[in-house]
Amino acid sequence: MIGSLSGIVIDCPDPRVLAPFYEALLGASRTYEDEEWISLDLGPGLPSLDLQRTEKFHAPDWTSGDPAQQLHLDVRVEDFEEGEAAVLAAGATLLEGSEDHPGFRVYADPVGHPFCLVRPRSDS
């Protein structure tokens, strides 16, 4: 095993507008919030559901598939170097390192879906 699932991230135009829907739908509670990101607790042993602001959001069209539905996974690792070596060996491609964002690194799976290796957040 390379890591454990840390969060399921949903891109959206405004996390504060979308959060109440998921809180009601899933009985989730907020564990972290800023203008760009909200984390929702789904219960013991479950990954968080995270809402991330993006200015380039385009709602997916279920019928036509244009644009395609998108999501990415955050996989928690204790050591970025060890995790990176393992995911690259498994066929991933590094998309963005951690120079600008020391808490995560972005990769693409072998067919191009993005995912992140993340460190445990010290504030949660």
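**Note on helix α2 and the overall fold**

1. In this predicted model, helix α2, which spans residues 80-89, has F80, G83, E84 and V87 as buried residues, where buried means under 20% relative accessible area, exposed over 50% and partly exposed in between, with a 1.4 Å probe and protein chains only. Seen down the axis of α2, these buried residues fall within an arc of 100°, so they line one face of the helix; the arc is that of the directions from the helix axis to the C-beta atoms. An α-helix has 3.6 residues a turn, so residues three or four places apart point the same way.

2. The face of α2 turned away from the buried side carries the exposed residues E81, E82 and A89. The cover over the buried residues of α2 includes β6 (93-96), β7 (104-108) and β8 (114-118), a contact being heavy atoms within 4.5 Å.

3. As for the ends of α2, at its start a side-chain oxygen of D79 comes to within 2.9 Å of the backbone nitrogen of E81. The helix is followed by G91, whose phi is positive, near 115°.

4. Taken as a whole, the protein chain has two helices and eight strands, arranged along the sequence as β-α-β-β-β-β-α-β-β-β. Helices (H or I, at least four residues) and strands (E, at least two) are DSSP runs, numbered from the N terminus.

5. Of the 124 residues of the protein chain, 31% count as buried. Residues 24 or more positions apart account for 46% of the contacts with a separation of 6 or more, and the C-alpha atoms fill a box of roughly 40 × 40 × 25 Å along the principal axes.

6. Two aromatic pairs are counted, under a rule by which rings of Phe, Tyr and Trp (its six-membered ring) pair if their centres lie within 6.5 Å, with planes under 30 degrees apart stacked, over 60 edge-to-face and the rest tilted. The rings of F21 and Y22 have centres 5.0 Å apart and planes at 85°, so this pair is edge-to-face; F21 is partly exposed at 46% relative accessibility, whereas Y22 is buried at 19%. Y107 and F115 form a stacked pair, 5.6 Å centre to centre with 25° between the planes, and Y107 is buried with a relative accessible area of 0%, as is F115 with 14%.

7. On conventions, residues are numbered from 1 along each chain as its sequence is written, and side-chain values use heavy atoms, with hydrogens and water left out. Local features need pLDDT of at least 70 and side-chain atom pairs count only at pLDDT 80 or more, while totals for chains, interfaces and linings use all residues.

Conventions: Polar contact = N/O pair within 3.5 Å; in protein donor to acceptor, adjacent residues only side chain to side chain.
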